[in-house]
Amino acid sequence: MSLLIKNGRVITAADDYIADIFIEGETINEIGNNLLLKADKEIDASGKLVFPGGIDPHVHLDMPFMGTFSSDNYETGTRAALFGGTTMVIDFILQKQGNSLQAALDEWRGRSNGNCIGDYSFHMAVTDFNDNTKKEIQGLIEKEGIVSFKTFMAYKGALMIDDRQMVGLMEEVKKHGGLINVHATNGDMIDYLIAKHRAEGKLSPLYHYLSQPEVTEAEASERFADMAHYTGCPGYIVHLTCEGALNAVRNATRRNQKVFVETCIQYLLLDASLYEKNFEGAKWVMSPPLRQQKDQETLWAGINQGLVQVVATDHCPFKWEQKLMGKDDFSKIPNGAPGVENRMNLIYNGGVVENRISLNRFVELTSTAAAKMFGLFPKKGTIAVGSDADIVIFDPEKEHTFGVENEHMNVDYSSYEGWKMKGKVETVLSRGRVVIDKGEHTGKQGDGQFLKRGECVKI
Ligand SMILES: [Zn+2]
């Protein structure tokens, strides 16, 4: 099967030009002006932007959490991602404390194998680092292609590791060429504040926010940077939200250290005033919580200063019925919100349309940087000869409105209900196959491949 995309405006992290793209099978075969090649199918992309499929390196599909499961499974979650122009996601395996990493990998494969529509990979969350798990790290990197290891500095008793384990894990991961991702918030301090608010009868979603003040994230980010500096292990802070935490990263540059940073689209565009809407605020109960407008400004500045490299979602949807588990107690509201389908459009609007970033930077933030960081480049993350034909054809003029009625995530509310968007994903290719065709889905369950990843390319 061959396919020719004619006359599109091709945007990568580095380039911007009008060209034809010839695809043979799963990969890009030729790029040029007026290609005289005969293809099985032709798409006219005149007047459209053509950019690499988005990579969202932070999603949680079918994940057991707080007594329930996130409501998008591997089929619905990867399909919704494709609708939004994201052709690959990286999901998180969570080790159960007391069990092996292999057991967790087997469990996650059981839920994901054969179910994805778009391509995917896993980070491994190490929640119990000991002499046994230490021995599993090398095999995960070298045999399974799982090169990034998530750690939690919060959720004590379930996911959190202490600093002794963190330093040990960093030394082991560094030895084998991997990368540490971190949820950097001070778990003990948050647990204290949650208990205090509950004891005082302060139980609304607003107290979820007030139990995780900025200092809890700033302190942990700085501590993480210190440990990464000491061990020399590459460190990547996931879902960084606030000025204090970004300043910890900024300070680390003063001793010639680089800490990699991901933020999520909601932290760039939404703020904590949403928690004042009584229980409706539960829609945005996530950890860390939404912050203030000054933090949004800090994050956009961090993007422009190159301190923030990746914009992800932390997509972890729960239906309203699940959110109601915490109706009388904020600490029982499942943490997480939908977003994987909205991300590309939101960054395009908040970034490009609002003149905060260039189109090249848009591609870098949504695709190229994650491909490099997580060992997928240049197979993924760019439009180039030999790369996978993961391509989005985007109509920059078409307008539409976000709302649960028009979306495909398995959740019954939208975090961005009624938001007017400029530009719309029109056609999406996943490894050469048309999976979204003029807004209709044409892929099928099982088409998505698990990708083994290589070493991180530092950016
Ligand atoms: Zn997450």
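In β11, which residue is the bridge partner of alanine 125? That partner is lysine 150.

This is a predicted model, in which local features need pLDDT of at least 70 and side-chain atom pairs count only at pLDDT 80 or more, while totals for chains, interfaces and linings use all residues. Residues are numbered from 1 along each chain as its sequence is written, and side-chain values use heavy atoms, without hydrogens and water.

**The parallel sheet**

An open sheet holds eight strands in the order β6-β9-β10-β11-β12-β13-β14-β15, with parallel pairing. Its edge strands are β6 (54–59) and β15 (310–312), each pairing on one side only. From one strand to the next, the twist averages 30°. Strands are DSSP runs of E with at least two residues, helices are runs of H or I with at least four, and both are numbered from the N terminus. Two strands pair if DSSP finds at least two bridges between them.

Helix α4 (residues 163–175) lies across β11 and β12 (179–183). The helix runs at about 150° to β12. Such angles run from 0 to 180 degrees between N-to-C directions, with axes fitted to C-alpha atoms, for helices over the stretch in contact. Contact means heavy atoms within 4.5 Å.

**Strand pairs**

| Pair | Bridges | Direction |
|---|---|---|
| β10 (residues 119–125) and β11 (residues 148–152) | two bridges | parallel |
| β17 (residues 420–430) and β18 (residues 433–437) | four bridges | antiparallel |
| β18 and β19 (residues 440–441) | two bridges | antiparallel |

**Two hairpins**

Serine 430 stands opposite arginine 433 in β18. Two residues lie between β17 and β18 in their hairpin, where arginine 431 takes a positive phi near 45°. Aspartate 437 has glutamate 440 in β19 as its bridge partner. The hairpin of β18 and β19 also has two residues between the strands, and there lysine 438 takes a positive phi near 45°.
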